[in-house]
Amino acid sequence: MADNRNIKARTSAWMLASTLLLGVLSGCGGGNNSSNGNNTGNTGNTQNTDNSANTNVEDTNPIKFSLFSADPSPHWTGMQDEIGQILTEKTGVTLDAEFAVGDPAQKVALIASSGDYPDIISAKNDISKLVDAGAMIDLTELIDKYAPNIKKVLGEEGLKRSRYSNEDQAIYAIPTYSAIGQQYFNAGGGFELQHRAVKEAGYPEIKTLQDYENVIKAYLDKHPTDENGNKNIGLTLNADDWYMYITVTNPATLTAGYPEDGEYGIDIDTKEVTYHYRRESDKEYFRWLNHMNDIGLLDPESFVQKYDQYKAKIATGRVIGLIDQDWGYGDAEKALKAAGKYDLGYGHYPVVQKEGIKESSFWPTGFMGGYGIGISTECKDPVRAIKFMDYLASDEGQVLLNWGVEGKHYNIENGKRVISQEVNDRIVNDSANFTKESGVGLYNLLGVHYGDGVKDPSGNFYTTKFPEQISSQFNEVEKETLAAYNATTWRDLFPKEEEFKVRPWGAAWNITIPGDSEIVILDGKLKDITWKRIPEAILSKPEKFDKIWGDFMVDLEKAGVEKAEDLREELVKERVKLWNE
């Protein structure tokens, strides 16, 4: 997305991210933002069990494709991992890959203006720059002729939601960030608290901001320092670049019971769009953070620390509370677990501003289409490229990407795929090295795929994110905390998806913005104002908060926020029309 939250999916992918982020950082959003973005599908665990679409690879002569991805991939090995080598053996394809460093939007703009395009491109919301430059192939015919597995997985609705716009109904990117039939069996977001603090508080009800604050305050009152005399920290935030959205600003929406649609709130019935900071509930959320800062429970370094410093601080075990996604702080938590300090790990709680609100991390989107992977007009062999992507979408390909190599990463026992305890321990405690060696999780965003909870023709799940496997990866402290709340996974604590209406536009942050739209300029202005005013408001004296917030609102109006809302509303309504006609 234009604001680089697109990690997610964020949310979103944005619990997809919890699978992919063994190797690939995604979204943005929510409990599953995907950056999150929340990529919830509403198709249950059903799927086309017709296995007639085979792996579709005939030519396995060596060929190398260049690839650019707007997401980083810190564990990429140049396809020298075990899965990468098998992919090359099966398809003949190797990838000369470049992953985004810094602002991916700038890199995509450079690619678009250069006329020198990589063979395969994953540009997320910046695909419009490449389309406008004439850099992308319409994949419709290639999919129809050469990609039976992609057609099978996407189905009629998925193909329809892959179209670019009402005016241009080409498919320039097959959607890989949203999974078909996705269900969520665990939560990776919400508000986090260390298990030791929750246990010492007697496992109290944790539903409101006040409940959350009470646990932190009670623990720090009794334990102001760690065993070495270092000061314990109540709550720290990660405001380093686009992480600002994940841990600072998105929670204002989720704690108020609104769906996470990027920087804009959308009325589910009227489609009316509001820059979400203009809602009274946002003001009250940031007033709470101001209060937390005033009473000394907010880390004063929250708005100056870099991401690595944030993770290093968490790895000391001194941080009691977080507001993040598990992929954002997971490396630090794994270090604590590896040292056997399980009580310093974190549980996930659906915190809201006040009683009566439903925390909205799992507000369903349906299959979102949107972000995905495409083939450029400079590609040396588009047919081989689409067949490579089609292999990834095959049953064989999806099992390989998610489970790894049979006999090494999993075994078949009584017809079921089973991960050994040894491999399971590595996934939990040594995931970075495991990913680099195995390649599990590194390639999912290169192909369309089924989501968690969907079974293949053998009756096994396509992915390893299903209840029994998730539970097997919890340590004893996590199990103890969950049991205290009568839960088997953190997802059990959050409102169910069926309690919300499915958003007919998916997620607004996933809507492609035309390259010539004034929204791009307006969004930039609004972002600059917001990123200045929000920290100022949080760190101010409480008596100055209302004045700063009022000035913030005036600044937004002067910058054209109402026009930005109107233009965004037009895009939302166009998306609804595109998907439903």
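Guide: Let us begin with burial: a residue is called buried under 20% relative accessible area, exposed over 50%, and partly exposed in between, with a 1.4 Å probe and protein chains only. This is a predicted model, in which local features need pLDDT of at least 70 and side-chain atom pairs count only at pLDDT 80 or more, while totals for chains, interfaces and linings use all residues. Residues are numbered from 1 along each chain as its sequence is written, and side-chain values use heavy atoms, with hydrogens and water left out.

Visitor: Which residues of helix α9 are buried?

Guide: Helices here are DSSP runs of H or I with at least four residues, and strands are runs of E with at least two, numbered from the N terminus. The buried residues of α9 are Tyr243, Met244, Tyr245, Ile246, Thr247, Val248, Thr249, Asn250, Pro251, Ala252, Thr253 and Leu254. Because 12 of the 12 residues of α9 are buried, this helix is largely enclosed by the rest of the structure.

Visitor: How many residues does α9 have, and what span does it reach?

Guide: The expected span of a helix is 1.5 Å times one less than its number of residues. Helix α9, residues 243–254, has 12 residues and reaches 16 Å from its first C-alpha to its last, close to the 16 Å expected. Helix α10, with 15 residues, reaches 21 Å between the corresponding atoms, close to the expected 21 Å. The buried residues of α10 include Lys283, Tyr285, Phe286, Trp288 and Leu289, and the helix is followed by Gly296, whose phi is positive, near 85 degrees.

Visitor: How many salt bridges does the structure hold?

Guide: Side chains of opposite charge can pair when their charged atoms come close. The criterion used is a side-chain nitrogen of Lys or Arg within 4 Å of a carboxyl oxygen of Asp or Glu, and the structure holds 38 such salt bridges. In one of them the side chains of Lys90 and Glu396 meet, at 3.4 Å from N to O. This pair links distant parts of the chain, since Lys90 is in helix α2 (residues 82–91) and Glu396 in helix α14 (residues 395–403), 306 residues apart. Lys90 is partly exposed, with a relative accessible area of 35%, and Glu396 is partly exposed at 36%.

Visitor: Which residue forms a salt bridge with Asp546?

Guide: Asp546 forms a salt bridge with Lys283, with the closest N and O atoms 3.3 Å apart. Asp546 lies in helix α20 (residues 542–558) and Lys283 in helix α10 (residues 280–294), so the pair ties together parts that are 263 residues apart in sequence. Asp546 is partly exposed, with a relative accessible area of 39%, whereas Lys283 is buried at 17%. Lys283 and Asp546 are also linked with Glu284 and Arg287 in a network of salt bridges.

Visitor: Are Glu478 and Lys337, which form a salt bridge, buried or exposed?

Guide: Glu478 is buried, and so is Lys337; the closest N and O atoms of their salt bridge are 2.9 Å apart.

Visitor: Which residues form the negative surface patch?

Guide: Patches are made of residues with over 30% relative accessible area and no salt bridge, like charges being joined within 9 Å and nonpolar side chains (Val, Leu, Ile, Met, Phe, Trp, Tyr) within 5 Å. Asp and Glu count as negative and Lys and Arg as positive, while His and the chain ends are not counted. The negative patch is formed by Glu167, Glu557, Glu562, Asp566, Glu570 and Glu574. Helix α21 (residues 561–580) gives the most to this patch, with 4 residues. Glu570 is found in helix α21 and counts as partly exposed at 46% relative accessibility.

Visitor: What is the phi of Lys124, and where does this residue lie?

Guide: Most residues other than glycine have a negative phi, and most peptide bonds are trans. Phi of Lys124 is near 55 degrees, a positive value in a residue other than glycine. Lys124 lies in the loop between β5 (120–122) and α4 (127–132), and it counts as buried at 3% relative accessibility. Asp241 also has a positive phi, near 55 degrees; its place is in the loop between β8 (233–236) and α9, where Asp241 is partly exposed, with a relative accessible area of 41%.

Note on methods: Areas by Shrake-Rupley, 256 points an atom, 1.4 Å probe, with all protein chains shown as cover. Charge placed at Lys NZ, Arg CZ, Asp CG, Glu CD.
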